[in-house]
Amino acid sequence: MNADINEMFKKIQKQPNRFIDEKSFKNLMLFYAGYRFYMHDNNIHFGNLPGFQAYINGVYNSKGKHWSDVIKAFSASDEEAFDVFFAHLDEYYLLPEYKRNSIYDFFEIFYSMIMLFPFSSLRNTMEKSMSEHPGSSFIDTDTYYEFQKHMTRKYNDTQNRKWDEILSSIYDDSTAKKVLISDFDDFLKNRY
């Protein structure tokens, strides 16, 4: 993990009111998503939480949900989720480095984008990122198109629709975002 992100989290943990208005897991996750997107969009190398998804999945024996959703589900309140996150983060840092590296880097950035953008603009945002930042986009072109093929097969789509069109035809925007997270997670697990 990049020291900058580690320092950012430590500062927020010590003074949440200064950075995110209150001791709130939801506010922390929104701040984190915005930070990650800003760093990516400006081609600034940033650290993230590689392997944290797998770590949380192991702790809670969960599958198919983003780590922030798992922490929220097992916490009694938003404030408790804030504390639980930092407790898990401390445990995560104690793991050997090789256990903290994983395929979930894609998932982390993808989840951040899903949180920040309306469902209807996600595909265009992703494709714009790939065309404007070839080689440094959060997802490489091959992986992106493999995901499209995965979605076409999974939903037995014979109309040659894009993944967002497939999901929009089945779900409302809020549900489509949740399904997209789960589908992308399944795709990465099957691909790697």
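Author: The questions below concern a predicted model.

Reader: How many helices and how many strands does the protein chain have?
Author: From the N terminus on, the elements run α-α-α-α-α-α-α-α-α-α-α-α. The protein chain therefore has no strand in that series, and the count is 12 helices and zero strands.

Reader: What percentage of the 192 residues in the protein chain is buried?
Author: Buried here means under 20% relative accessible area. Of the 192 residues in the protein chain, the share that is buried is 47%.

Reader: Among contacts between residues at least 6 apart in sequence, what share joins residues at least 24 apart?
Author: A contact requires heavy atoms within 4.5 Å. Among contacts in the protein chain between residues at least 6 apart, those joining residues at least 24 apart make up 66%.

Reader: Which residues does Phe-85 contact, leaving aside its neighbours within four places in sequence?
Author: Phe-85 is among the residues that touch the most other members of the largest nonpolar core. Phe-85 also belongs to one aromatic cluster, together with Phe-9, Phe-25, Tyr-32, Phe-52, Tyr-55, Trp-67, Phe-82, Phe-86, Tyr-92 and Tyr-93. Leaving aside neighbours within four places, the contacts of Phe-85 are Phe-9, Phe-25, Leu-28, Leu-49, Phe-52, Trp-67 and Ile-71.

Reader: Are the rings of Phe-119 and Trp-163 stacked or edge-to-face?
Author: The count of aromatic pairs comes to 21. Phe-119 in helix H9 (residues 119-132) and Trp-163 in helix H11 (residues 163-170) are 44 residues apart, and their pair links distant parts of the chain. Both Phe-119 and Trp-163 are buried. Their ring centres are 6.2 Å apart and their planes lie at 80°, so the pair is edge-to-face.

Reader: Is Ser-62 buried or exposed?
Author: Ser-62 lies in the loop between H4 and H5. Not counting residues up to four places away in sequence, Ser-62 touches Ile-56, Asn-57 and Val-70. Its relative accessibility is 18%, and the limit is under 20%, so Ser-62 counts as buried.

Reader: How far apart in space are Ile-20 and Phe-31, C-alpha to C-alpha?
Author: Ile-20 lies in helix H2 (residues 16-20) and is buried, with a relative accessible area of 5%. Not counting residues up to four places away in sequence, Ile-20 touches Ile-12, Asn-27, Leu-28, Phe-31 and Phe-82. Ile-20 and Phe-31 are 11 residues apart in sequence, and their C-alpha to C-alpha distance is 7.1 Å.

Reader: Which elements give two or more residues to the lining of the second largest pocket?
Author: The second largest pocket is lined by 14 residues, of which Ser-68, Asp-69, Lys-72, Tyr-111 and Met-115 lie nearest its centre. The elements giving two or more residues to this lining are helix H3 (25-41), helix H5 (67-73), helix H8 (104-116) and helix H12 (173-191).

Reader: What is the volume of the second largest pocket?
Author: The lining of the second largest pocket divides into seven nonpolar, two polar and five charged residues. The volume of this pocket is about 280 Å³.

Notes:
Residues numbered from 1 in each chain as written. Predicted model: local features only at pLDDT ≥ 70, side-chain atom pairs only at ≥ 80, totals over all residues. Heavy atoms only, no water. 1 Å grid on protein atoms, 1.4 Å probe; cavity = no way out; pocket = protein on both sides within 12 Å on 5 of 7 lines; lining within 4 Å. Points joined across faces, edges and corners; volume = space filled by probe spheres on them. Helix = DSSP H or I, 4+ residues; strand = E, 2+ residues; numbered from the N terminus. Nonpolar A, V, L, I, M, F, W, Y, C, P; charged D, E, K, R; others polar. Core = buried A, V, L, I, M, F, W, Y, C linked by side-chain atoms within 4.5 Å. Buried < 20%, exposed > 50% of the residue type's maximum accessible area, 1.4 Å probe, protein only. Phe/Tyr/Trp six-rings, centres within 6.5 Å; stacked < 30°, edge-to-face > 60°.
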